Amino acid sequence: MLFVFFTLLSCTKKKKIFPLRKEQMMKSGEMIRSVCLGKTKVAEELVNGLRESKFADVKELKCYVNCVMEMMQTMKKGKLNYDASVKQIDTIMPDELAGPMRAALDICRTVADGIKNNCDAAYVLLQCLSKNNPKFIFP
């Protein structure tokens with residue numbers, strides 16, 4: 001869940017200081033989801049499909065993904081903010097989700113390199129994360 005995998009402090013060995021429970025993480029994601037749904041005017045059914053790794057080729061859906069990733073500060077102007085993403089994974093995500101997300105992020109780190117459209121870049125990254133993470137979740 002690419003989404004709240006972004007922002008806080010970590011201890012020396014990247015141990016969680018105040019790990020959020022999955023439910024709390026999802027609640028935070030709902031706030032971001034609401035903002036980005038309003039911004040992009042994408043059909044909610046398409047957004048819901050992302051949770052099941054259903055990726056429709058729709059511009060508004062791609063821009064929704066970009067909005068979410070930018071709000072989470074994992075992407076900026078179509079570029080992955082890898083260090084911030086790892087830090088947030090390690091501090092916010094529950095252990096059972098953090099490991100698979102970190103592994104997928106490492107695999108997908110450069111998948112969007114060279115893609116000029118920010119929405120397309122975010123979408124390609126999300127598709128890669130979904131494909132490579134058995135515990136994929138997204139707001």
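# Helix packing and an aromatic pair

Guide: In this predicted model, the crossing of α5 and α6 is right-handed.

Visitor: At what angle do α5 and α6 cross, and how far apart are the axes?

Guide: The two axes cross at roughly 130° and come within 9 Å. Helix α5 is therefore oblique to α6.

Visitor: Which residues make that contact?

Guide: From α5 the contact uses Met101, Ala104, Leu105, Ile107 and Cys108. On the side of α6 it uses Leu125, Cys128, Leu129 and Asn132.

Visitor: How many of them are nonpolar, polar or charged?

Guide: Eight are nonpolar and one is polar, while no charged residues take part in the contact of α5 with α6.

Visitor: Let me step back. How many helices and strands does the chain have?

Guide: There are six helices and two strands in the chain. Read from the N terminus, the order of the elements is α-α-α-β-β-α-α-α.

Visitor: And what share of the residues is buried?

Guide: Of the 139 residues in the chain, 45% are buried. As for contacts between residues at least 6 apart in sequence, 72% of these join residues at least 24 apart.

Visitor: Back to the helices, then. How do α4 and α5 pack?

Guide: Helix α4 covers residues 82-92 and helix α5 covers residues 95-108. Their axes lie 9 Å apart, and the packing angle is about 165°.

Visitor: Why are they called roughly antiparallel?

Guide: Angles over 145 degrees count as roughly antiparallel, and the angle here is about 165°. The two helices are therefore roughly antiparallel to each other. The crossing in which α4 passes α5 is left-handed.

Visitor: Which residues touch there?

Guide: Helix α4 contributes Tyr82, Ser85, Val86, Ile89 and Asp90. Helix α5 contributes Ala98, Met101, Arg102, Leu105 and Asp106. By class, this contact of α4 with α5 has six nonpolar residues, one polar residue and three charged residues.

Visitor: Is α4 mostly covered or mostly uncovered?

Guide: Helix α4 is mostly covered, since eight of its eleven residues are buried. These are Tyr82, Ser85, Val86, Gln88, Ile89, Asp90, Thr91 and Ile92.

Visitor: What do they pack against?

Guide: The buried residues of α4 pack against α5 and against β2, the strand at 79-80.

Visitor: New topic. How many aromatic pairs does the structure hold?

Guide: The structure holds one aromatic pair. The partners are phenylalanine 55 and tyrosine 123, whose ring centres are 5.6 Å apart.

Visitor: Why is the pair edge-to-face?

Guide: The planes of the two rings stand at 85°, so the pair counts as edge-to-face. The cut-off for that class is over 60 degrees.

Visitor: Where do the two residues lie?

Guide: Phenylalanine 55 is in the loop between α2 (44-50) and α3 (59-71), whereas tyrosine 123 is in helix α6 (residues 118-132). The pair therefore ties together parts that are 68 residues apart in sequence.

Visitor: One last thing: where is serine 130, and what is it in contact with?

Guide: Serine 130 is placed in helix α6 and is buried, with a relative accessible area of 10%. Apart from neighbours within four places in sequence, serine 130 is in contact with Ser53, Phe55 and Phe136.

Definitions and conventions:
Residues are numbered from 1 along each chain as its sequence is written. This is a predicted model: local features need pLDDT of at least 70, side-chain atom pairs count only at pLDDT 80 or more; totals for chains, interfaces and linings use all residues. Side-chain values use heavy atoms; hydrogens and water are left out. Axes are lines fitted to C-alpha atoms, for helices over the stretch in contact, and angles run from 0 to 180 degrees between N-to-C directions. Helices (H or I, at least four residues) and strands (E, at least two) are DSSP runs, numbered from the N terminus. Angles under 35 degrees count as roughly parallel, over 145 as roughly antiparallel, 65 to 115 as roughly perpendicular and the rest as oblique. A crossing is left-handed if the near helix is turned anticlockwise from the far one by less than a right angle, and right-handed if clockwise. Contact means heavy atoms within 4.5 Å. Ala, Val, Leu, Ile, Met, Phe, Trp, Tyr, Cys and Pro count as nonpolar, Asp, Glu, Lys and Arg as charged, and the others, Gly among them, as polar. Rings of Phe, Tyr and Trp (its six-membered ring) pair if their centres lie within 6.5 Å; planes under 30 degrees apart count as stacked, over 60 as edge-to-face and the rest as tilted. Buried means under 20% relative accessible area, exposed over 50%, partly exposed in between (1.4 Å probe, protein chains only).
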